[in-house]
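Subject: Structure for you to look at

Dear colleague,

Here is the structure I said I would pass on. My notes on it follow below.

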Amino acid sequence: MRTDPFRELDRFAQQFFGSQTPGTWSRPTPMPMDAYRQGEQYVVSFDLPGVAPDAIDLDVERNVLTVKAERRPLELGDNVEMQVSERPLGVFSRQLFLGDTLDADRIEASYEAGVLTLKIPIAEKAKPRKIAITETGSDRKQIDA
């Protein structure tokens, strides 16, 4: 699995400079993730606290997996004066380039406690396998040249 190095640079710059500009659909903010291999699958977890499950969009096109989510402002109602607002709002996105060794048709997704977890199985063709050797018959004719 590969990630876009420029997206990583954007994320680093936002963390370093403390940019509070909310992400938009045309320029989303990258979301933090962890990725690791567990047995015969890769597990990828995205932090999306405060995001409703119906505000998460997960797409696979060719070998590109795209996760987009939107954290909307709270409906506070009348007579409410915001004192501190530090939680980022807007659109968050992340793209992963899946190699041929992963089975993009069997991705499983779950969402619990603000964490989106994807399980991506390793493709059967990428798993190590034994190749059977057949014995050729001894009744072969020898050809003289």
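Predicted model: local features only at pLDDT ≥ 70, side-chain atom pairs only at ≥ 80, totals over all residues.

Salt bridges

Searching the whole structure gives 2 salt bridges. In one of them Arg72 pairs with Glu70, and the closest N and O atoms lie 3.7 Å apart. As background, side chains of opposite charge can pair when their charged atoms come close.

Fold and confidence

The protein chain has 1 helix and 8 strands. Read from the N terminus, the order is α-β-β-β-β-β-β-β-β. Of the contacts with a separation of 6 or more, 56% are between residues 24 or more positions apart. The mean pLDDT of the chain is 81, and 75% of the residues score at least 70. Confidence is lowest in helix H1 (residues 5-17), where the mean is 60. It is highest in strand E7 (residues 108-112), at 96.

A buried arginine

Arg94 sits in strand E6 (residues 90-97). Its relative accessible area is 3%, so Arg94 is buried. The side chain of Arg94 comes to 2.5 Å from the backbone oxygen of Met31.

Surface

The protein chain has 145 residues, and 26% of them are buried. Its accessible surface is about 11300 Å², with 49% belonging to carbon and sulfur atoms. Which residues form a nonpolar patch on the surface? They are Leu74, Leu76, Val80 and Met82, which together have about 390 Å² of accessible area. Leu74 belongs to the loop between strand E5 (64-71) and E6. This leucine is exposed, because its relative accessible area is 60% and exposed means over 50%.

When you open the file, I would look at the Arg94 contact with Met31 and then at the patch that includes Leu74.

Regards

Definitions and conventions
Residues numbered from 1 in each chain as written. Heavy atoms only, no water. Helix = DSSP H or I, 4+ residues; strand = E, 2+ residues; numbered from the N terminus. Buried < 20%, exposed > 50% of the residue type's maximum accessible area, 1.4 Å probe, protein only. Polar contact = N/O pair within 3.5 Å; in protein donor to acceptor, adjacent residues only side chain to side chain. Contact = heavy atoms within 4.5 Å. Areas by Shrake-Rupley, 256 points an atom, 1.4 Å probe, with all protein chains shown as cover. Patch = residues over 30% accessible without salt bridge, like charges linked within 9 Å, V, L, I, M, F, W, Y side chains within 5 Å. Salt bridge = Lys/Arg side-chain N within 4 Å of Asp/Glu carboxyl O. pLDDT = per-residue confidence, 0-100.
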